[in-house]
Amino acid sequence: MKPPQNPTETRGKNKKIKRRTGDSKIALAFLLPTIILLAGLVLYPMIENIRISFFDVPLNPNLDEIFLGLKNYQTVLTDPDFYRSLGVTVLYTALTVVGSTVLGLGVAMLFNREFRFRKLSRSIIILSYVTPSISLVFAWQYMFNNTYGIINHWLVDVTGILDKAPLWFDNPASSFVLVTIFAIWRYFPYAFISFLAILQTMDETLYEAAEIDGANAWQKFVNITLPAIRPVLITIVTLRTIWTFYMFNDVYLLTKQVDVIGVYLYEQAFSQNDMGQAASISVILFVILFTVIYFSRRKVDVANET
Amino acid sequence: MKRKRKNMLSRTLFYVLLVLILVISLFPFFIMLMTSLKPTNEAISYNPTILPEVVTLQHYQDVFNPALFPFLTYFKNSMIVSFLAAFISVFIGIFGAYAMSKLNFKFKSTMNSAFYTVYMFSGILLVVPLFKIISSLGLYNTRTSIIIVMIVQTLPTSIFMLKSYFDTIPKSIEEAAMIDGLTRVQIIFYITIPLAISGIASVFVYAFMVAWNDYLFASIFVSSSGYFTLTVGLNSLFATPDYVWGRMMAASLLTALPVVIMYALSERFIKKNLVEGGVKG
């Protein structure tokens with residue numbers, strides 16, 4: 001986000017200082033509730049999280065915490081499950097981000113023209129994005145049910161694409177496929193809305209000029225469309241990557257077979273009841289997140305992206 | 001002639017692709033609706049039907065029967081949590097966003113970075129310490145715990161969105177009001193809020209949707225089913241004898257309805273999709 005222009009800059013120096021301090025007080029007052037909430041429930045937990053990561057923390061708050069030093073980190077970093085989970089997460093993120101972005105762009109380009117029921121169609125596409133996960137998850141669990149789901153019925157009995165019905169919820173590999181398709185289906189509308197908004201601001205004459213020059217569809221896409229949508233593309237990919245990497249809700253509700261990093265952390269904390277170890281996983285993930293935020297900061301413009 | 005044929009072809013291709021994508025988008029919703037109208041034996045038949053052979057409204061009656069299904073309790077909890085979280089998030093956010101949009105102060109860029117960082121943050125990274133903090137505050141197993149955490153989760157995005165709406169309000173209007181002797185707080189209530197009301201409504205919808213959709217925090221902060229929200233409650237019924245597909249589908253549709261209606265209404269009132277793309281989800 002760009003720093004706003006300071007309107008007082010051109011005025012006299014005394015006036016500027018006076019105005020600034022006056023604003024600072026009232027700004028602080030206006031931001032105080034926000035600052036208190038973020039300090040108390042984001043900053044403090046972050047620090048507390050680092051502290052917990054050095055302890056063995058019993059669920060019962062009356063029992064003493066035992067200092068373990070770096071033992072939690074050692075356990076996590078030598079746990080093959082942690083690396084497997086990290087690998088699954090990276091693959092899930094890569095497929096989801098690429099899939100939802102490409103599909104979103106494709107559909108946005110399809111919509112970038114006048115046709116009847118355009119508004120209605122747009123609303124239908126956004127539906128999966130605005131519906132709560134829990135509702136969608138039930139529909140998908142039913143559709144992909146091993147024995148009486150319509151998808152397996154079509155894949156095996158009707159079309160014969162597959163010989164054997166995949167057990168979508170009981171096998172880690174097919175569960176992974178399911179979770180990924182679900183994420184692409186659910187999140188492509190986000191890319192679609194953003195791309196459509198920018199495509200509609202584009203100058204049609206650029207394409208007409210290119211057509212006169214004899215450019216084909218692909219050349220037009222690479223030379224005109226892509227440069228124009230670049231900032232939006234970068235923003236979408238960055239944000240979607242981060243949000244997918246830490247995805248918990250959608251994966252956990254759909255199947256217990258795919259332990260992406262969010263699910264792995266949750267299970268360590270609340271199924272294994274090993275808070276200390278879960279905290280150390282969080283700290284490791286913090287480091288990854290901050291590295292990404294640091295490198296993406298200048299490129300992503302949160303408020304002005306459409 | 002050749003051009004005309006090419007046009008026909010590309011038009012046909014366009015409509016084929018359009019119908020395909022619409023079917024893919026809509027299919028699970030269609031299945032949800034159809035299954036909610038089918039009797040149970042038809043819903044679990046090995047030969048799945050698309051349209052119900054027998055239409056029944058039994059599942060909808062069951063969903064609203066408290067003796068059979070605690071749907072109304074969950075629905076009420078979700079409503080309380082989401083409404084209060086969204087309302088407070090927007091209220092606090094209005095003042096924060098006003099400061100970020102209209103005031104000059106020293107630590108502005110620091111605040112901006114802080115919001116930005118939290119905006120990218122995922123709740124999952126803070127579950128462990130937040131669980132401990134909520135427990136030590138004595139808020140474990142209360143709706144308040146979920147409300148507080150949902151306010152914090154939505155606040156940075158609320159402020160970003162509100163700020164971008166406030167930025168469109170010309171400074172001259174405010175300057176005139178200040179000459180008339182209005183204080184900053186009066187300006188917010190008499191000028192900023194009325195002028196940005198449709199934007200504020202869309203921020204409310206955003207925050208409401210986040211809270212309505214939350215499973216993570218609701219599942220760890222609340223243990224008695226009397227306080228369950230829809231996500232936790234419905235998920236807890238999975239694989240129990242109460243798990244009747246038609247009933248779950250009816251419940252799913254009814255769970256989706258409030259947010260879909262709210263979203264549709266907020267879309268209607270907003271002419272430009274100003275911040276839509278920046279909404280976290």
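Guide: Gladly. Helices (H or I, at least four residues) and strands (E, at least two) are DSSP runs, numbered from the N terminus. By that rule, chain A has 12 helices and two strands. Their order from the N terminus is α-β-β-α-α-α-α-α-α-α-α-α-α-α. This is a predicted model, in which local features need pLDDT of at least 70 and side-chain atom pairs count only at pLDDT 80 or more, while totals for chains, interfaces and linings use all residues. Residues are numbered from 1 along each chain as its sequence is written, chains are lettered from A and ligands numbered from 1 in the order in which they are written, and side-chain values use heavy atoms, with hydrogens and water left out.

Visitor: Why is Asp259(A) called buried?

Guide: Buried means under 20% relative accessible area, exposed over 50%, and partly exposed in between (1.4 Å probe, protein chains only). Asp259(A) has 18% relative accessibility, so Asp259(A) counts as buried. You will find Asp259(A) in the loop between α10 (249–254) and α11 (261–270) of chain A. Of the 306 residues in chain A, 54% are buried.

Visitor: What makes the pairing of Asp259(A) with Arg84(A) a polar contact?

Guide: A polar contact is a pair of N or O atoms within 3.5 Å; within protein, one must be able to donate a hydrogen and the other to accept it, and residues adjacent in sequence count only if both atoms are side-chain atoms. The side chains of Asp259(A) and Arg84(A) make such a contact at 3.4 Å.

Visitor: What is the accessibility class of Thr255(A)?

Guide: Thr255(A) is buried, because its relative accessible area is 5%. Thr255(A) also sits in the loop between α10 and α11 of chain A. Thr255(A) and Asp170(A) are 85 residues apart along the chain, yet their C-alpha atoms are separated by 8.3 Å.

Visitor: Where does α13(B) bend?

Guide: At Leu257(B), by about 35°, and a proline, Pro258(B), follows within four residues. The bend at a residue is the angle between axes fitted to the seven residues ending there and the seven starting there.

Visitor: Which backbone nitrogen lies 2.8 Å from a polar atom of the side chain of Asn213(B)?

Guide: That of Ser133(A). Asn213(B) is in helix α10 (residues 197–213) of chain B, and at 17% relative accessible area Asn213(B) is therefore buried.

Visitor: What makes a space a cavity or a pocket?

Guide: On a 1 Å grid over the protein atoms alone, a cavity is a set of points where a 1.4 Å probe fits but cannot get out, and a pocket is an open set with protein on both sides within 12 Å along at least five of seven lines; lining residues have an atom within 4 Å of a point. The structure holds two cavities of 30 Å³ or more. The second largest cavity has about 40 Å³ of space, and residues from both chains line it, including Tyr142(A), Ile150(A), Ile31(B) and Lys38(B).

Visitor: Which element gives the most to the lining of the second largest pocket?

Guide: α1(B), with nine residues. The lining has 26 residues, and among those nearest the pocket's centre are Arg113(A), Glu211(A) and Ser10(B).

How values were computed
Points joined across faces, edges and corners; volume = space filled by probe spheres on them.
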